[in-house]
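Here is a protein chain to look through together. Have a look at the sequence and the model before reading on.

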Amino acid sequence: MAECPKHKPRGFSTLCLPISPERYQQIIDSPALFRHWLDQAFRDTPELFPAAFAHGYTLKDDRRSRQRGLRLRRIRCTASGASFSIRPDFVLPDMTAWADEADDPLFLRAFGVPFWVLARVFGRDPMFWYRIEVGLGRHSLVGTTARRTPLPEHLVADEHHPPRDGTKNYIATTVAAGCCLGSALAPNAGADDLQAAYGVFQEEAQNVQADYQPQTVNTDGWAATQQAWRALFPLVVILRCFWHGWLSIRDRAKHLGELFRSLGEKVWEAYQAPDRRRFAQRLRRLGEWAGREVKAAWVLEQVRKLCGRARLYGEAYRHPGGHRTSNMLDRVMRAMNRYYEDGQHRHGSEEACQRHVRAWALLYNFRPWHPATARVNGGAHSPAERLNKHRYQDNGLRNLLVSGSLAGFRR
């Protein structure tokens, strides 16, 4: 059984279940109808419930929300004695708004539209929309996103470093299957702070799968990042990112014209080698060719560094599912960077910023794709839906809220 998190967030004892407002009003005043709906929801979506629910429960009590006037019921699990509130998915966790009211504003927030713009277009005030968004950061990022699927075995990790109140901080980011599964703040890029930040991903992942151990993680060459991952997951294989090796060459050689194009073709020809032996051969030939043709010492140095890492880069051939480059993570970070640039980076307390970076990751995972992108991805509406091969609701925000039942944690 999964272990409970060290810090139990708000919503940890609340089940969020899909139901229409009309149907909810029909059943909420009838204990028999409510139990029938709850039992059917458990049969259809047992992953949204605590494990003890299967051993029986009783209806405990009810209350009425002051903000929405909505009646809510609580249950008590017979086996564990734990009590849980039942919340329909058409209302937000803090009960300050209906989900349909917040759907469009939060969709725009995923793209970095400022809070004052939301207030001008949708009403309320900027802090109202800020509190709604940051409140999502209490959810388990891993548990909410990977609700109906085993956790990916091959990861990509790196740090984004936007400032917070003018001081550089780092966001330890873990990506898999196109979803952002880890996003935690680190005050600096030392091994201890990065271990603590990536440890948030570890804790949430092992809450979902107690024996979770990724096979590989792709990183750049930063030693502290690799040290942090080895400390958290001793059996993980660190794969060196080939893309970062090429970037070091590109940034110094892009002024070389035709020689640069020839150099790029040979680098990527080596990358596309079908096996480890031919990959090493092509890198040796690349080094020999560069020694003859490249006269710029600062470019030749980077080419030789790339060729000298043949063993590190070649390790990926032993793990066919592993990521040889960080392109997947770079796509997530481009969206993350635009989000923070448009919002003038991060401000306020460390706790608020921690929730903010996690809230954006959830919005990114569940925000609807362009229809053309959805068609390419088999009709999936979002990265999280593609990962789970399932959606609870067609509405993106309500799908996120249901996936965040029990704040995304397993109990």
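How many helices and strands does the secondary structure of the protein chain come to? There are 18 helices and 11 strands. Here a helix is a DSSP run of H or I with at least four residues, a strand is a run of E with at least two, and both are numbered from the N terminus.

A word on where this comes from: this is a predicted model, where local features need pLDDT of at least 70 and side-chain atom pairs count only at pLDDT 80 or more, while totals for chains, interfaces and linings use all residues. Residues are numbered from 1 along each chain as its sequence is written, and side-chain values use heavy atoms, with hydrogens and water left out.

**The overall picture**

Let's start with the whole chain. The C-alpha atoms of the protein chain fill a box of roughly 85 × 50 × 40 Å along the principal axes. For 411 residues, a compact globule would have a radius of gyration near 22 Å, and the protein chain, at 24 Å, agrees with that. That radius is taken over C-alpha atoms, and the globule rule is 2.2 Å times the number of residues to the power 0.38.

Of the 411 residues in the protein chain, 53% are buried. Buried means under 20% relative accessible area, exposed means over 50%, and partly exposed is in between (1.4 Å probe, protein chains only). The accessible surface comes to about 18,900 Å², and 50% of that belongs to carbon and sulfur atoms; such areas come from the Shrake-Rupley method with a 1.4 Å probe, and for residues only the protein chains shown count as cover.

Contacts (heavy atoms within 4.5 Å) tell us how the chain comes back to itself. Among those between residues at least 6 apart in sequence, 63% join residues at least 24 apart.

**Inside the cores**

What does the largest nonpolar core hold? It has 68 residues, and those with the most contacts inside it are Leu17, Trp37, Leu38, Phe49, Ile86, Trp129 and Trp360. Helix α15 (residues 350–366) gives the most to this core, with nine residues. Apart from it lies another core, of 30 residues, including Val142, Leu155, Tyr212 and Ile238. A nonpolar core is a set of buried Ala, Val, Leu, Ile, Met, Phe, Trp, Tyr and Cys residues joined through side-chain atoms within 4.5 Å.

Take Trp129 from the 68-residue core. Leaving aside neighbours within four places in sequence, Trp129 is in contact with residues including Glu101, Pro105, Phe115, Phe122 and Arg124.

**Cys179 and Ala384**

Cys179 is found in strand β9, and Ala384 in helix α17 (residues 383–388). Are they buried or exposed? Cys179 is buried, because its relative accessible area is 0%, and Ala384 counts as buried at 1%. Not counting residues up to four places away in sequence, Cys179 touches Thr145, Thr174, Asn365, Pro383, Ala384 and Leu387.

**Places along the chain**

Ala177, with a phi of about 55 degrees, sits in the loop between β8 (170–176) and β9 (179–186), and Ala177 is partly exposed, with a relative accessible area of 31%. Leu406, with a phi of about 60 degrees, is in the segment after α18 and counts as buried, because its relative accessibility is 0%.

Phe409 also lies in the segment after α18 (396–403) and counts as buried at 6% relative accessibility. Gly69, in the loop between β2 (57–64) and β3 (71–77), is partly exposed at 38%.

How far apart are some pairs along the chain and in space, C-alpha to C-alpha? Here are four of them.

| Pair | Apart along the chain | C-alpha separation |
|---|---|---|
| Phe409 and Gly11 | 398 residues | 9.6 Å |
| Cys179 and Arg386 | 207 residues | 9.3 Å |
| Ala384 and Tyr271 | 113 residues | 30 Å |
| Gly69 and Gly291 | 222 residues | 75 Å |
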